[in-house]
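Subject: Structure handover and notes

Hello,

Here is the structure for your files. My notes come after it.

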Amino acid sequence: MENGDSNELKLGLLHALLAARVAELPQLHGLFVYGPSGAWIVNSQPSPPVGLNNSDRDYFIYHKTHSTRSPHIGSPIRSKSTGEWIVRISWRLNARDGTFAGVILATILMDYFRQFYESFDIGKHGALLVATDKGTILLRRPFDIAYFGRDISAGPLFSKYLPQAPVATNIFTSSLDGGTRINSHRRSAAYPLVILAALSRDDALANWRMDVLMHAAVMTLLVAGLGFLGLRLTRQIERRTTAEAALLESRAELLAANEALEQIAMQDGLTGLANRRCFDLAMAKEFSHARRTATPISLIMVDVDNFKQYNDIYGHAAGDACLRQVGAAVGGVVNRPCDLSARYGGEELVVLLPDTDAAGAWCVAESIRRQVAALIVPHSGAAAGFVTVSAGVHTFEKFEVASTPVQLIVAADQGLYQSKALGRNRVCVKDENSRVDALERASSNS
C-alpha cells in the first residue's frame, strides 16, 4: 500500500488476499484499509461497501495526529455488522514522502480471547486481565461485559506496581471486585498491552493445606511401615551386633598391625628416615618415570666425615645420637612430597630428587652440608673440630637405552669420593660426561 499504485486490478488481488487471511484465522473478524481522507479503499468483506468514511473514528484520528508506526489498540466495541464484541488494532500508513496516507485496521473477536483465557486453571477465585498500557480493560476473567473498556488506571496495578517494574509479582486488593490476590503482571514488549494473572490467596492456601495433609498422611504411612519393619529387624540386628563388633575389633587390630609392620619395613629405626628397601623401591619407580617423561632426576650421596674416629672417641651410643641429629638435619632440608631422604647404610645417607636439575640438586646438597655444620656437634678427630658431612651429586637429564638406576647411584658415589679426596666438608657434582666438578665449601668459608 505504501510503495505500489492503487489500480483496480491490484486492489482486487489485495481484497482476495485479505478475505483469504480472515478465512484462515478464525480469531480475525476483519481487515480494513482506509485512505488519507478516511474513505474505504479495500477490506476483507465479501461485498465491500461503497461511499463510507471512517475519518471520525478514534483510531483514525490517533494515527492522523501521531507519526509513530507502532500499533494502536482501541477500546472493545460491538461490531455494527455482526453485533459481536471486537478489539481493534490499527497501524499508520505513510506516503513515500512520509506524510499520512491512511490506516490499516484489524479487528479481533473478543470471544477468541475469552475461550483462550478460560483454558487456564486459576482456581475458583483467580483472575486474568488484558488491558491497554493506558489502563483500559480489553478482557477480564471472570468474563463480564461490564468490564469491557473500563478504566483502571487509578487502581493499584497502574498507579503503583507497573511504574515500579514492567514484570513483577505482588499481593494487593483488586479495585474491581475487592478480592485480595497474588498478582503477576507483565508489560508486553511487542504491543501496548499489560497482562495480569492473579491467584486468590485463599485458593493458594487451600491448595497448600491440602498438600500438607496429603504429605502428612503419606509420611504417617511411611513411618508406620518403617516402624513395623524396624521391629522385625531389631532382633536380627541385635544378634549380629556382637559378632560384627568382634569382627570390627579384630579388623582394626589387624590394620593397625599391618600399618605398623609396613612402617617398620620402610623406615630406618635409628634416624627415622626411609630405609634402604624403601629407597630402592622409590628409586626404581622415579627413575622409570623420569625416563618415560624425559624429566631430570638427581641423587645426593651424603657421608658423615670421620665417623669411625667419632665412634672410637665418643663411643657407639654417641655415634647413634650423632646419626640421629644428621638424619634430622637432612630430613629438615628435604621438603617436597616427591623427594625422599633415606639411610643408605652405616653413616651414608641418600636424597632422591625427582624432576630436579643439577643446579637445584647442588643447592639441596649445600643446604644439607650447612645444616649439619650448624649443629656444631663436637668432634675432636675432625679438622673442623665438629661433625661435618661430604656429599656427591649426580643428575640424569638425558637418558639412554642402557641407562639404569645403578649408574645414577655410582655416579653420585663417585662425587662423594671426590669430596672426601679434596678434604671433606664439601659438595662435588659429577656431570653426565663423567667429569667430577669439585665445588669446595670448606667449613672455614661457611
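The model is predicted, so to speak of a local feature requires pLDDT of at least 70, side-chain atom pairs count only at pLDDT 80 or more, and totals for chains, interfaces and linings use all residues. Residues are numbered from 1 along each chain as its sequence is written, and side-chain values use heavy atoms, with hydrogens and water left out.

Cavities

A search of the whole structure gives two cavities of 30 Å³ or more. A cavity here is a set of points on a 1 Å grid over the protein atoms alone where a 1.4 Å probe fits but cannot get out, and lining residues have an atom within 4 Å of a point. Grid points are joined across faces, edges and corners, and a volume is the space filled by probe spheres set on the points.

The largest cavity holds about 170 Å³. It is lined by 15 residues, of which Leu129, Phe172, Ser174, Leu176 and Leu196 are closest to its centre. Two or more lining residues come from each of β7 (127–132), α4 (156–164), β10 (180–187) and β11 (193–200). Helices (H or I, at least four residues) and strands (E, at least two) are DSSP runs, numbered from the N terminus. By class, this lining has nine nonpolar, four polar and two charged residues. Ala, Val, Leu, Ile, Met, Phe, Trp, Tyr, Cys and Pro count as nonpolar, Asp, Glu, Lys and Arg as charged, and the others, Gly among them, as polar.

The second largest cavity holds about 40 Å³. Its lining consists of Arg114, Tyr117, Glu118, Leu139, Arg140, Arg141 and Phe143, that is, three nonpolar, no polar and four charged residues.

Backbone

Arg141 is also on one side of a cis peptide bond, the one to Pro142, with omega near 10°. Pro142 sits in the loop between β8 and α4. Asp355, in the loop between β14 (348–354) and α9, has a positive phi, near 55°. For reference, most residues other than glycine have a negative phi, and most peptide bonds are trans.

Helix packing

Axes are lines fitted to C-alpha atoms, for helices over the stretch in contact, and angles run from 0 to 180 degrees between N-to-C directions. Angles under 35 degrees count as roughly parallel, over 145 as roughly antiparallel, 65 to 115 as roughly perpendicular and the rest as oblique. Contact means heavy atoms within 4.5 Å.

- α6 (residues 276–293) and α10 (residues 405–421) pack at about 115°, with axes 10 Å apart, which means α6 is roughly perpendicular to α10. Phe279, Met283 and Phe287 of α6 meet Pro405, Leu408 and Ile409 of α10; the contact has six nonpolar, no polar and no charged residues.
- The axes of α7 (residues 307–314) and α8 come within 7 Å and cross at roughly 135°, so α7 is oblique to α8. Phe307, Tyr310, Asn311 and Tyr314 in α7 meet His316, Ala318, Gly319, Cys322 and Leu323 in α8.
- The axes of α8 (residues 316–333) and α9 (residues 358–375) come within 9 Å and cross at roughly 140°, so this pair is oblique as well.

Regards

Methods:
1 Å grid on protein atoms, 1.4 Å probe; cavity = no way out; pocket = protein on both sides within 12 Å on 5 of 7 lines; lining within 4 Å.
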